[in-house]
Amino acid sequence: MKKHRILWVDDEIDLLRPYLIFLNDKGYDVSTATNGSDAIELVQNERFDIVFLDENMPGLSGLETLTQIKEIDAELPLVMITKSEEEHLMEMAIGNKIADYLTKPVNPSQILLTLKKNIHRREIVNEQTATSYRSEFGKIGMDINDSMTFDDWTEIYRKLIFWELELAETENGMDELLRMQKAEANAAFNKFIKRNYLDWFEQPDKRPILSHDIFRKTVFPQLDEGEKIFFVLVDNFRFDQWKVIREIMSEFYTVENESIYCSILPTATQYARNAIFSGLTPLQIQQMFPELWVGEEDEEGKNLNESELIQTQIQRFRKNYTMSYHKVNDSAFCEKLIEQLPRLADTQLNVVVLNFIDMLSHARTESKMMRELAADEQAYRSLTVSWFRHSPVYELLKAIAARGFKVIFTTDHGTIRVKDPIKVVGDKNISVNLRYKVGKTMSFNKKEVFEIAQPAKAGLPSPNVSSSYIFAGTDDFFAYPNNFNYYASYYRNTFQHGGVSLEEMLVPLITLQPK
């Protein structure tokens, strides 16, 4: 096992011999310097894991030495040690991105804690995270087997996402075990949906919040209390993606409520988002507002009537809210919306649809470079964070917070990385989505899909009298027998939506209060 190397810089180094002996006994290789110039030369010529640096030295001060060492190796942890507790010194040291700040007299336990935080942190975190997940693994497995309600499943999904994010930061080999447990959970969730989904439409008082319940149960009550709300919908946004941008959002928002609702099937924009904005099932939209419903067979865009659908819902519930609607497809429009915010100050409900994540997932399917950049869930989340931090959307949400608006932040559905192709045969009018199909006389393996033979029972329109819907579960996707191997290879490991999975159906519904 290699020895970790420490450089300790202090003009009174002889007085620190007990510390040096203590560290040598602990297995560290300690080098010393009595001034800043010698320390800088040592760092230039040798490799160290950490530097302890006295602030008050003749010649180059500790802060001056720190600055020059940072120019040589910006990643080298530096610990400032000082007799002074003056606030401005602490601020200057922290501003120079020190690893720690200790005030004399230091004791051995402080030194050891600093070393563990800065040198051994990764291995300690790796070991502790692996140990913690091992102890949770069996409990989560039992929860999966015992889950009977939607609330049970949201709790399981929260735990799985928590551990997925925790293990993503470590290198302990436990991520494969988690993937297996997540696959097990998705298989059980698929069975849960098959058993319960249709009942939710027959017994609306016993179901979770579905897409068409959101405005009635979440938005309207707050507007009735006098709140001014920005309803921000990010297309194709998963709960794990929300969790990784939550810290960024916390810079200017307090999370008032972090809940999960259930997207309707198909988990696709045409169905789920139109249901959100209308407060109706897709079948009800088609029946009540045929001019606003665009069917599977129609070639025009499926979400061109969102503003009108929101107005129908407001009118149906006899509300008198003032409302604005904005669909943001590019950075330029986002910047224009920021400029418009002063004019929206008195509008009670401002709806904003952001299509960036949807474009990201489609680009990943179609672009080899994007597939490389977002090779798995961890990389996909990382790309989301990078996009969010550097996009005008960040500035938009920051500007909304500055004007004191409450934000309801959500999505219409999530997405899943698909792996296993399953065969389906149908006529030329069968829908093209990879996670669901609608059509007549389709041929498929009934054990592999969730079939809704009577679409009306799930609030879905029928293109033809004999039409039915089928949904892929877990990480399956549909492929036609013709050129099966080509399409299976092309779409495997791409992110798709429309079917039954935790990632697609259990999606974030967040209430944010500006700070």
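Me: Which residues make the nonpolar surface patch of about 310 Å²?

Reply: Y486, Y487 and Y490 make that patch. Keep in mind that this is a predicted model.

Me: Where does Y487 lie?

Reply: Y487 sits in helix α19, which covers residues 484-491.

Me: Is Y487 buried, partly exposed or exposed?

Reply: Look at the relative accessible area. Buried means under 20%, exposed means over 50%, and partly exposed is in between. Y487 has 35%, so Y487 is partly exposed.

Me: Now charge. Which residues gather in a patch of negative charge on the surface?

Reply: Four residues do: D146, D151, D152 and E155.

Me: Which helix gives the most to the negative patch?

Reply: Helix α7, residues 150-168, gives the most, with three residues. D152 is in helix α7.

Me: Let us turn to strands. Where do side chains go in a regular strand?

Reply: They alternate between the two faces of the sheet. Now take strand β13, residues 436-439. Y436 and V438 point one way, while K437 and G439 point the other way.

Me: Are those residues of β13 buried or exposed?

Reply: All of them are buried.

Me: Which strand is joined to β13, and how many bridges join them?

Reply: The partner is strand β16, residues 468-472. Four bridges join the two strands, and they run antiparallel.

Me: Which residues point which way in strand β17?

Reply: Strand β17 covers residues 476-479. D476 and F478 point one way, and F477 and A479 point the other way. All of these are buried.

Me: Do β12 and β17 run parallel or antiparallel?

Reply: Strand β12, residues 420-425, runs parallel to β17. Four bridges join them.

Me: Step back to the protein chain. How many helices and strands does the protein chain have?

Reply: The protein chain has 20 helices and 19 strands.

Me: What does the C-alpha trace span along its principal axes?

Reply: The C-alpha trace of the protein chain spans about 90 × 55 × 40 Å.

Me: And what share of the residues counts as buried?

Reply: The protein chain has 515 residues, and 54% of them count as buried.

How values were computed:
Residues numbered from 1 in each chain as written. Predicted model: local features only at pLDDT ≥ 70, side-chain atom pairs only at ≥ 80, totals over all residues. Heavy atoms only, no water. Patch = residues over 30% accessible without salt bridge, like charges linked within 9 Å, V, L, I, M, F, W, Y side chains within 5 Å. Areas by Shrake-Rupley, 256 points an atom, 1.4 Å probe, with all protein chains shown as cover. Salt bridge = Lys/Arg side-chain N within 4 Å of Asp/Glu carboxyl O. Lys, Arg positive; Asp, Glu negative; His and termini not counted. Charge placed at Lys NZ, Arg CZ, Asp CG, Glu CD. Buried < 20%, exposed > 50% of the residue type's maximum accessible area, 1.4 Å probe, protein only. Pairing = 2+ DSSP bridges.
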